[in-house]
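Here is a short briefing on one chain. Look over the sequence and the structure first, then read the points below.

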Amino acid sequence: RTSPAPSRHLMASLRALGALGRSLSSLLGRRRVVLCGGRGSGSRAGAGASSSATGGQPGATALDRADAWMLRKAHEAGFLSWFRNGLLATGVGVIAYMQSDVGREAAYGFFVLGGVCICYGSGSYVANLVLLRRMMMLSAPTALLGGLVVGSLAAFWVCALSLYIGRLEVEFIYDEECEDCQPKEDSGKSDK
């Protein structure tokens, strides 16, 4: 047997939620928010003139520009999260590499994990930059600059890791027959 109290609480919560929705829609003037970088269906009078005066896209309201700004920041935060995790995995790999021979095997796994994080983060950032450029109200040169910055960060990571691994893996093997490589035994004697 169920008590009627939970259903009363549920109905009261739904009524409160409906009242909240009605008050928010009246505050916003029943304006529909469009994130595709275009014009909103219920743009206010003078909004197009003020947005073009402030440098935004024509017909974009302040709310549209704020939505685009929040989308850009969320997009950048996603990339930075993947990049941070890649750097963290790479750092753990460097520490494991220095510990022992068993750590060297684990280090390569951490290097691969770091590479996967950085490559996925960079790739998804660039792909989403292309797909969401209009929603974020970015011009083509700005989007290209963002893609170049992300690509250069990934390239710098690859260069740093390859230089680090290359420095650790290099062994110098001298040829015993090479005369220039071996020290001269009679360097103290003078030729007469």
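How many salt bridges does a search of the whole structure find? The search finds one. The model is predicted, and every value below is computed from it. The chain holds five helices and zero strands.

**Salt bridge**
- The side chains of K73 and E76 form the bridge, with N to O at 3.0 Å.
- K73 and E76 sit three residues apart in helix α3, so about one helical turn separates them.
- K73 has 38% relative accessibility, so K73 counts as partly exposed.
- E76 is partly exposed too, because its relative accessibility is 29%.

**Overall fold**
- Along the sequence the pattern reads α-α-α-α-α.
- The chain has 192 residues, and 23% of them are buried.
- Take the contacts between residues at least 6 apart in sequence: 59% of these join residues at least 24 apart.
- The chain's accessible surface is about 13,900 Å². Carbon and sulfur atoms account for 63% of that surface.

**Nonpolar core**
- The largest nonpolar core contains 17 residues.
- Residues with the most contacts inside this core are F79, A107, F111, I118, Y125 and L129.
- Three helices each supply at least two core residues: α3 (62-99), α4 (101-131) and α5 (140-169).
- Of these, α5 gives the most, with six residues.
- What does L129 touch, not counting residues up to four places away in sequence? The partners of L129 are H75, M136, L138, A143, G146 and G147.

**Helix α4**
- α4 has 31 residues, so at 1.5 Å a residue it should span 45 Å.
- Which residues of α4 are buried? They are G103, A107, F111, G114, G115, C117, I118, G121, S122, S124, Y125 and L129.
- A107, F111, I118, Y125 and L129, all buried in α4, are also among the residues with the most contacts inside the core.

**Nonpolar surface patch**
- L88, V92, F110 and L113 make a nonpolar surface patch of about 330 Å².
- Both α3 and α4 contribute, each with at least two residues of the patch.
- L88 belongs to helix α3.
- Is L88 buried or exposed? L88 counts as exposed because its relative accessibility is 57%, and the cut-off for exposed is over 50%.

Technical notes
Residues numbered from 1 in each chain as written. Predicted model: local features only at pLDDT ≥ 70, side-chain atom pairs only at ≥ 80, totals over all residues. Heavy atoms only, no water. Core = buried A, V, L, I, M, F, W, Y, C linked by side-chain atoms within 4.5 Å. Buried < 20%, exposed > 50% of the residue type's maximum accessible area, 1.4 Å probe, protein only. Helix = DSSP H or I, 4+ residues; strand = E, 2+ residues; numbered from the N terminus. Contact = heavy atoms within 4.5 Å. Patch = residues over 30% accessible without salt bridge, like charges linked within 9 Å, V, L, I, M, F, W, Y side chains within 5 Å. Areas by Shrake-Rupley, 256 points an atom, 1.4 Å probe, with all protein chains shown as cover. Salt bridge = Lys/Arg side-chain N within 4 Å of Asp/Glu carboxyl O. Expected span 1.5 Å × (residues − 1).
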